Amino acid sequence: MSNLSIQNLHIHFSGVVALDEVSFDIKEGEIFSLIGPNGSGKSTLFNCINGFCSPQRGSIKYNNVDLLARRPHEIVKHGISRTFQNLQNVPFMTLLDNILLGAHHRLTMRDTFTRWISRKERGREEALALEVMDFLGIANFEKKYLSGQPYGIQKLVEIARALICKPKLILMDEPAAGMNDQETLEIGKIISEIRDILNITVLVVEHDMNLVMNISDRICVLDSGRILAMGEPEEVKNHPKVIKVFLGDEVHA
Ligand SMILES: Nc1ncnc2c1ncn2[C@@H]1O[C@H](COP(=O)(O)OP(=O)(O)OP(=O)(O)O)[C@@H](O)[C@H]1O
Ligand SMILES: [Mg+2]
């Protein structure tokens, strides 16, 4: 059974400790949420998992593969893709081309020089991109330029680019940030369907507590780079430290 195992992770930037002794496992098929105040280390944890940051101590293994020994494009090939808190879209490209950027790791150098193979390859990737767009409810948008599209669509393109990598585990950094209530509900549904229909394990960072409480199997709360609490939504919601430090009365409203 595939899983992600993080042990005693520690990373600091000059004097700032971003993560300290962070350990947890994510099981295959879980929707696991990471919450915590600004600067508590959530995005840094994603950066460690996908190879953008090198922690000073600890280990990250996925299906017993040591991810810390691997570079970002290799980690994608091992089945882990991610979305970014700050959208990584290219405004002057079409939605389709923005999404196809996520398939880049599958194209070989030979394809760049062999036009016929390249076309065939592109056709295959395009078909997959269209399937992903259909799944996300943005079918027929493929030829539109990203520039000028509503923010909600741009967020879906970010998710589509991660899905076209064909991950077994997706890391989503604040998918509902900047969304209105209706769009947030839609995102919740999409996250559940990513797990239920596409069979992808989900690790999500979110500030929207209602969304987190609704979709998560388990939640890990980070505070200044350390784990403050971890468990099922009810446990975390009722954890005195969590209520005091992070959630206030919001989840009881
Ligand atoms: N590349 C970096 N260089 C220096 N400091 C960094 C770097 N990346 C993160 N940090 C610092 O590490 C800490 C954790 O940042 P991180 O972005 O992981 O927080 P976060 O929980 O994602 O916050 P937010 O909810 O605002 O997105 C912060 O103090 C941040 O300034
Ligand atoms: Mg962040």
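## About the model

This is a predicted model: local features need pLDDT of at least 70, side-chain atom pairs count only at pLDDT 80 or more, and totals for chains, interfaces and linings use all residues. Residues are numbered from 1 along each chain as its sequence is written, chains are lettered from A and ligands numbered from 1 in the order in which they are written, and side-chain values use heavy atoms, with hydrogens and water left out.

Serine 43 belongs to helix H1 (residues 42-49), while glutamine 85 sits in the loop between strand S6 (80-82) and helix H3 (95-100), so the two tie together parts that are 42 residues apart in sequence. Helices (H or I, at least four residues) and strands (E, at least two) are DSSP runs, numbered from the N terminus. Serine 43 is partly exposed at 21% relative accessible area, and glutamine 85 is also partly exposed, at 32%. Buried means under 20% relative accessible area, exposed over 50%, and partly exposed in between (1.4 Å probe, protein chains only).

## Around ligand 1

Ligand 1 is surrounded by 14 residues, and the closest are Asn38, Gly39, Lys42, Thr44 and Gln85. To count, a residue needs a heavy atom within 4 Å. H1 gives the largest share of this shell, 3 residues.

## Helix H6

Helix H6 (residues 151-163) has 13 residues. Of these, 12 are buried, so the helix is largely enclosed by the rest of the structure. Among the buried residues are Ile153, Leu156 and Leu163.

Asparagine 8 is not a glycine, yet its phi is positive, about 45 degrees. You will find asparagine 8 in strand S1 (residues 3-13), where it is partly exposed at 37% relative accessible area.

Glutamate 174 also has a positive phi, near 55 degrees. Glutamate 174 lies in the loop between strand S7 (169-173) and helix H7 (181-196), and it is buried, with 8% relative accessibility.

How values were computed
Expected span 1.5 Å × (residues − 1).
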